[in-house]
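Visitor: I would like a quick tour of this model. Please keep it brisk.

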Amino acid sequence: MKKLHKFVLLNYAGPLAMTFFISLFILVMQGLWRYVDDIVGKGLEISVMAELLFYVALQVVPMALPLAILLASLMTFGNLGENYELTALKASGISLFRIMRPMIVVTGIVSVTAFWFANNVLPVANLKFYSLIYSVRQQRPELELKERVYYDGVDGFRIKVTRKNRKTGMLYDLIIHDHRDRVNRNVNVTMADSGMMDIDNKAGLINLTLYSGITYDEKVSLGNRHMSSRDRQMYRHDEFAREVFQIKVDGLDFSRTNEDAFKTNDRMKNLEQLRTDRDSLVMRCDSLTRQLNTDVRSFTLKKANYRFKSDSLFVLAIDTAKTLRADSVAKALTPRKLHTAMQNALRVARSNKQVVDEKQMTMENEQLKVNRHNMEMHKKFSLPAACMVFFFIGAPLGAIIRKGGLGTPIVISILFFIFYYVIDTFGAKMARESVWPVWCGIWLSTSVLTAIGSFLTYKSATDSALFRAEAYAKIADRIKLLIRKRRLAKLRRRRENGDPTAF
């Protein structure tokens, strides 16, 4: 390996690793923020939280990798340009593409690895993450009673505590409303001077040991559900010195959901599985289309079982409907029969429309599944392509602006990445809704950035002063000079025409 290649690679490898982990950390925090409501307050173990973080990190790699390549290439060539090392290399007769060659090879290896990752690792990570987050969502939150606030996190009960001792766990002045009777929700109330709470996660029980309390139980008869007739109600109150109050709660213990329920999703499949399932979905769509066409043809010109066969004129009109106009058929019927025929026709039309709408909705759902499978197939190739495109934007852009460090490169990288993300989101939406072909929507952002990268690479190879302030100052001076010359020429013509205001 030549010394030039070692020099360039050493300047590229460090920023690439650093920016990748920085981008990964930021995107992981942003990803976890989406699920903070599902995670907080569930009392999850550290191992479960670490597993969630690991799967989220794997999920955001397709976004972190292109951003890291853009930022690293921008920093590398910006540092070379700022320290005049790039100028020295060009002065030695070394072209820009020769300087970029080792970085292109490394980026190509990263792109191939990204394709392998998107095809083999990312589907498994998606499957593990979504099954785990679903299990977390099913788990009930921790039972945390706040002072002077009713807690309704337990189905069928509302619990209020006036004061609690955080050292001993003793609860004071408890009020428990039993709402398990859906018809009469306030017929059972328990009040206690103090109590202790113990949660049995394995058995799914909340054990409340209550002291010095009373229970009011009002049994409302099924024949009289209202309080208007007091004589038909049964009242009961029990005083106790100590009582154990048990509440059955499902979902206190953390249990994992079977992953097989999520394997049918398109994001959990590799390229081979996507192709196989896509072909099956396409065949189903074709079958539904043929069935719908057959049903529509059967709805039209279908011979009815006529109720008015005794009317020879009506039968003649119907049998010759292919040659007669609708108004002539209507004239052959009496007003009463015409009204009945119109009502029957309207009923049949509405029934047929309902059948067609239901089958069309089924076809649209199946087509959406086909689009999603095609999108996932294209995304597995668009990720490595995005890595190469971002490199050919960052490297020439760094050579043009000649600014290293983290300041200017980060600002420029974020702007380009936001631009890429907006276009990619728009294209994916158009592809998902069948407005555009799938390949057109998925590759829209890559195509736009390819054009920008080609333009920047050309400008950098020709030593263009694209982002130099002095170059734009010269252009502004030329524009001012041109405007001044045009004003002087206009004033000269007015003087030649004898305009006295021109002197």
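Visitor: Which helix gives the most to the nonpolar patch, and with how many residues?
Guide: This is a predicted model, where local features need pLDDT of at least 70, side-chain atom pairs count only at pLDDT 80 or more, and totals for chains, interfaces and linings use all residues. Residues are numbered from 1 along each chain as its sequence is written, and side-chain values use heavy atoms, with hydrogens and water left out. Helices (H or I, at least four residues) and strands (E, at least two) are DSSP runs, numbered from the N terminus. The most comes from helix 1, with five residues.

Visitor: How much accessible area does the nonpolar patch have together?
Guide: A patch takes residues with over 30% relative accessible area and no salt bridge; like charges are joined within 9 Å, nonpolar side chains (Val, Leu, Ile, Met, Phe, Trp, Tyr) within 5 Å. Areas come from the Shrake-Rupley method with a 1.4 Å probe, and for residues only the protein chains shown count as cover. The members include Met 18, Phe 25, Leu 406 and Val 422. Together they have about 940 Å².

Visitor: Which elements give two or more residues to the nonpolar patch?
Guide: Leu 53, a patch member, has its place in helix 3 (residues 46-59). The elements with two or more are helix 1 (3-34) and helix 11.

Visitor: How far apart are the end C-alpha atoms of helix 11?
Guide: Helix 11 covers residues 407-432, which is 26 residues. The expected span is 1.5 Å times one less than the number of residues.

Visitor: Which helices do the buried residues of helix 11 pack against?
Guide: The buried residues of helix 11 include Pro 409, Phe 416, Tyr 420 and Ala 431. Contact means heavy atoms within 4.5 Å. The partners are helix 4 (61-82), helix 10 (335-401), helix 12 (438-442) and helix 13 (444-461).

Visitor: How many of the residues of helix 4 are buried?
Guide: The 22 residues of helix 4 should span 32 Å, and the end C-alpha atoms are 30 Å apart, which agrees. Just after helix 4, Tyr 84 has a positive phi of about 60 degrees. Helix 4 is largely enclosed by the rest of the structure, because its buried residues number 18 of the 22.

Visitor: Which residues touch the most other members of the largest nonpolar core?
Guide: A nonpolar core is a set of buried Ala, Val, Leu, Ile, Met, Phe, Trp, Tyr and Cys residues joined through side-chain atoms within 4.5 Å. The largest has 49 residues, and the ones touching the most other members are Ile 69 and Phe 77.

Visitor: Which element gives the most to this core?
Guide: Elements that give two or more residues include helix 1, helix 4 and helix 10. The most, 14 residues, come from helix 6.

Visitor: What is Ile 69 in contact with, leaving aside its neighbours within four places in sequence?
Guide: Neighbours within four places are set aside here. What remains is Tyr 12, Leu 16, Thr 107, Val 110, Cys 387 and Phe 391.

Visitor: How far apart in sequence are the parts that Glu 259 and Lys 128 tie together?
Guide: The two side chains meet in a salt bridge at 3.2 Å, N to O; the term means a side-chain nitrogen of Lys or Arg within 4 Å of a carboxyl oxygen of Asp or Glu. Glu 259 lies in the loop between strand 5 (234-248) and helix 7 (271-299), and Lys 128 lies in helix 6, so the parts tied together are apart by 131 residues.

Visitor: Where do Asp 357 and Lys 353 lie?
Guide: Their side chains form a salt bridge, 2.8 Å from N to O. Asp 357 is partly exposed at 33%, whereas Lys 353 is exposed at 53%. The two are four residues apart, about one turn, and both lie in helix 10.

Visitor: How many salt bridges does the structure hold?
Guide: Glu 433 and Lys 429 form one, with the closest N and O atoms 3.1 Å apart. Salt bridges that share partners also join Arg 284, Glu 366 and Lys 369 into one network. The structure's count is eight.

Conventions:
Buried means under 20% relative accessible area, exposed over 50%, partly exposed in between (1.4 Å probe, protein chains only).
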